[in-house]
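Hi everyone, thanks for coming. Please have a look at the structure on the screen, and then I'll walk you through it.

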Amino acid sequence: MASLIQDWLTTDQDLLLMQEGMLMRKVRSKSWKKLRYFKLQVDGMTVWHARQAGGSAKPSFSVSDVETVRKGHDSELLRSLAEEFPLEQGFTVVFHGRRSNLDLVANSIEEAQNWMRGLQLLVDLVTSMDQQERLDQTGWLSDWFQRGDKNQDGRMSFQEVQRLLHLMNVEMDQEYALSLFQAADTSQTGTLEGEEFVQFYKALTKRTEVQELFEKFSADGQKLTLLEFVDFLREEQKERELAPDLALELIDRYEPSESGKLRHVLSMDGFLSYLCSKDGDIFNPACLPIYQDMTQPLNHYFINSSHNTYLVGDQLCGQSSVEGYIRALKRGCRCVEVDVWDGPSGEPIVYHGHTLTSRILFKDVVATVAQYAFQTSNYPLILSLENHCTWDQQQTLVRHLTEILGEQLLSTTLEGLLGSQLPSPEQLCGKILVKGKKLETLEEDLEDEDEEEPEPELEGEQGSDLALEPHPEPEAEHQELSLWSKDTKEKKSKLTLCPALSSLVVYLKSVSFHSFAHSKKHYHFYEISSFSENKARSLVKEAGNEFVQHNARQLSRVYPSGLRTDSSNYNPQELWNAGCQMVAMNMQTAGLEMDICDGLFRQNGGCGYVLKPDFLRDTQSSFHPERPICPSKAQTLLVQVISGQQLPKVDNTKERSIVDPLVRVEIFGIRADTARQETNHVENNGFNPYWGETLCFQVLVPELAVLRFVVKDYDWKSRNDFIGQFTLPWTCMQQGYRHIHLLSRDGTSLHPASIFVYICTQDEVETES
């Protein structure tokens, strides 16, 4: 693959022009537009920029960080500058994670096309690499070489190597470093170049702990025979009866030598390749595609949900943008929120009401949803509509929804029948469902389908400013104050809610929550209640079992407290424990809570739907998340934290600073299972730290447990700094010797940073008292 990139770099006209460099305008806002000189480096993997050609350059981005390249027409910012710059001259570089997009304007349409085609080609090439190709990618090594080669003469002196070691997070004895340097300097020029640097790097990254493990199972220390590898897979990796067939598969996949493949043996290089691959990953590859039953009712699934999706910043003054919807949908979100209000010129607008957040057009939001709804997942998308519009603009909402979404919009029950439970994700594939207020029951709707749409009873109410979906927090408080006002409120809703909009709400009718007994007696399976995080938490504690049974009958949505004006998040696990399906998160805010959310939804093809455990799908369930009875499936987890590989620096500005890493293992589940333990820190070694420590956990309800591995930089003066993390469901965890490939705070890959662990789970045997 590396040679393939090099071939393209020397033959593709677009890439050749990119390597020459080009002056373009970098645009951050309507007022911030500055000329910068962008140039693709010779490694084909990094783009640097300077204020002018020949000026002091610094890295702008790595190709591996780029998700895609968009045309200028698809950029909100560039569209707002269309009178100043032709949209055809603009394009947007979209990055993985939460990193802001890079909007650029070239001097001509042709130059813009050169960069768009060239960048997309490189992105496609990098995306097509598998893990091993990324490990061997000389372009990535070239990036290290360029950073270490201070005078940029294409060679690296020993002094420059010492500097590089600090950049790579390595504190190494000078004598040992010199011996590695001299061994790699086969030309004996006193410098390293090309293949010599590659050999130096390989010597530097030699894994002695993996070598010892290899020799433990290898009779001659040179290779693993088929039987020896089967023993390793069966005894250590817990593959059991699958081991013989799997051994053949893995040798064929990871043994670099053709003769080794023919003889069915695995060399040390092949063994390491396997351990670093997706097969050697802690996350079970069988859980990566869609593997769960998708034919159960919607309320039997946890659903990846977003709160105030239009916001990309805080809740008071933040920017509203369609980019919020694009990012949420790209990451597999299946429930997005739209707060819609009356706007100028009869066009409804989306923003966080009664705040200083910016406003965007509802029709732009719907167009974005139509474009991105099913790019990541084909399972149903829920549009949580918080409608604050007057009669006329509600009709505009209906027009935009029906005209823009077309066949994607679910506007009637499946086959015109009601049924006795919600349809399944499978049945609703490719459909967008509106969640909101509804004038009638679904039964009445079906009866009235052939009748003419009724006119409102009081015309004077058409222009009312009454919010049909009040701001969530006051609504929740109001619901707790009285029950008798329900009929009055429903009557008012009938006067102000447009019947055409009401009819678009099919399976997700929003209703107020009063009590579990009231819901069980009065509500239908297609009705959904929303809870503030505080209300939901108190219900879990006070009536956890009733909450579980409620969620086995119908859907629940939980949203963040109105006090979270900074767009911070709450722990979704506490609500999942009670079976709450739609636990809405502020997806623009990275951190522990989003790591847990991303961890759960990483499985099942990232489709945004995860089947709940059977005890959360049973309307007669006896499960109480605060007081689990008779945990027959309790398990003990042993985690041996062995070593780390190429951990990134916390502060890149301090060239000589080296991290002091420690590993913390955290478990989130029911309250009794929630725990954390950590290793000691290793001083001055982020490159290949060794811990060799074992941590032990007892878990009562493993089906609900989520594990988070986090690496921190120890600091005795203040809080430890975050380095990287990886979070996954217990049910997707592989036992044995596994690598955990770390992610950044934003959830993007920190390749090649990883930690090497040994995982073992044991069933706990109940003892009679």
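I'll go through contacts between side chains first, and then some backbone details and the surface.

One thing to keep in mind throughout is that this is a predicted model.

Let's start with aromatic rings. A search of the whole structure turns up 23 aromatic pairs. The one I'd like you to look at is Tyr379 with Tyr609, an edge-to-face pair with 6.3 Å from centre to centre and 70° between the planes. Where do Tyr379 and Tyr609 lie? Tyr379 is in the loop between helix H16 (362-372) and strand E15 (381-387), while Tyr609 belongs to strand E21 (residues 609-611), so this pair ties together parts that are 230 residues apart in sequence.

Are these two tyrosines buried or exposed? Tyr379 has a relative accessible area of 7%, and because buried means under 20%, Tyr379 counts as buried. Tyr609 is buried too, with a relative accessible area of 0%.

Val610 and Gln292 are 318 residues apart in sequence, yet their C-alpha atoms are 7.6 Å apart in space. You'll find Gln292 in the loop between helix H14 (268-276) and strand E10 (301-303). Gln292 has 15% relative accessibility, so this residue counts as buried.

Staying with rings for a moment, there is also a cluster linked by ring pairs. Its members are Phe214, Phe217, Phe229, Phe232, Tyr254, Phe271, Tyr274, Tyr737, Phe756 and Tyr758.

Now for the charged side chains. Side chains of opposite charge can pair when their charged atoms come close. How many salt bridges does a search of the whole structure find? The answer is 28 salt bridges.

Let me show you three of them. In one, the side chains of Glu239 and Arg738 meet at 3.6 Å, N to O. This pair links distant parts of the chain, 499 residues apart: Glu239 is in the loop between helix H11 (226-235) and helix H12 (243-254), and Arg738 is in strand E28 (residues 736-743). Both Glu239 and Arg738 are buried.

Next, look at Glu574 and Arg537, whose side chains form a salt bridge at 3.3 Å, N to O. Here Glu574 is in helix H24 and Arg537 in helix H23 (residues 533-553), so the contact ties together parts that are 37 residues apart in sequence. Glu574 is partly exposed, at 29% relative accessibility.

Then we have Glu626 and Arg671, which meet in a salt bridge at 2.9 Å, N to O. Glu626 lies in the loop between E21 and strand E22 (635-645), and Arg671 in the loop between strand E23 (661-668) and strand E24 (675-678), so this one ties together parts that are 45 residues apart in sequence. Glu626 is partly exposed at 26% relative accessibility, and Arg671 is partly exposed at 48%.

Salt bridges also form a network here. It links Asp595, Arg664, Glu666, Arg676, Glu678 and Arg708.

Let's turn to the backbone. Most residues other than glycine have a negative phi, and most peptide bonds are trans.

His354 has a positive phi, near 60°. It sits in the loop between strand E13 (349-350) and strand E14 (360-361). His354 is exposed, with 71% relative accessibility.

Ser567 also has a positive phi, near 65°. Its place is the loop between strand E19 (556-559) and helix H24 (573-576). Is Ser567 buried or exposed? Ser567 is buried, at a relative accessible area of 1%.

For the peptide bonds, please find His751 and Pro752. They are joined by a cis peptide bond, with omega at about 10°. Pro752 is part of strand E29 (residues 749-763).

Finally, let's go to the surface. Which residues gather in a patch of positive charge there? They are Arg28, Lys34, Arg51 and Lys58. Arg51 lies in the loop between strand E3 (46-50) and strand E4 (58-62). With a relative accessible area of 63%, Arg51 is exposed.

That's my tour, and I'm happy to go back to any of these spots on the screen.

How values were computed
Residues numbered from 1 in each chain as written. Predicted model: local features only at pLDDT ≥ 70, side-chain atom pairs only at ≥ 80, totals over all residues. Heavy atoms only, no water. Patch = residues over 30% accessible without salt bridge, like charges linked within 9 Å, V, L, I, M, F, W, Y side chains within 5 Å. Areas by Shrake-Rupley, 256 points an atom, 1.4 Å probe, with all protein chains shown as cover. Salt bridge = Lys/Arg side-chain N within 4 Å of Asp/Glu carboxyl O. Lys, Arg positive; Asp, Glu negative; His and termini not counted. Charge placed at Lys NZ, Arg CZ, Asp CG, Glu CD. Helix = DSSP H or I, 4+ residues; strand = E, 2+ residues; numbered from the N terminus. Buried < 20%, exposed > 50% of the residue type's maximum accessible area, 1.4 Å probe, protein only. Phe/Tyr/Trp six-rings, centres within 6.5 Å; stacked < 30°, edge-to-face > 60°.
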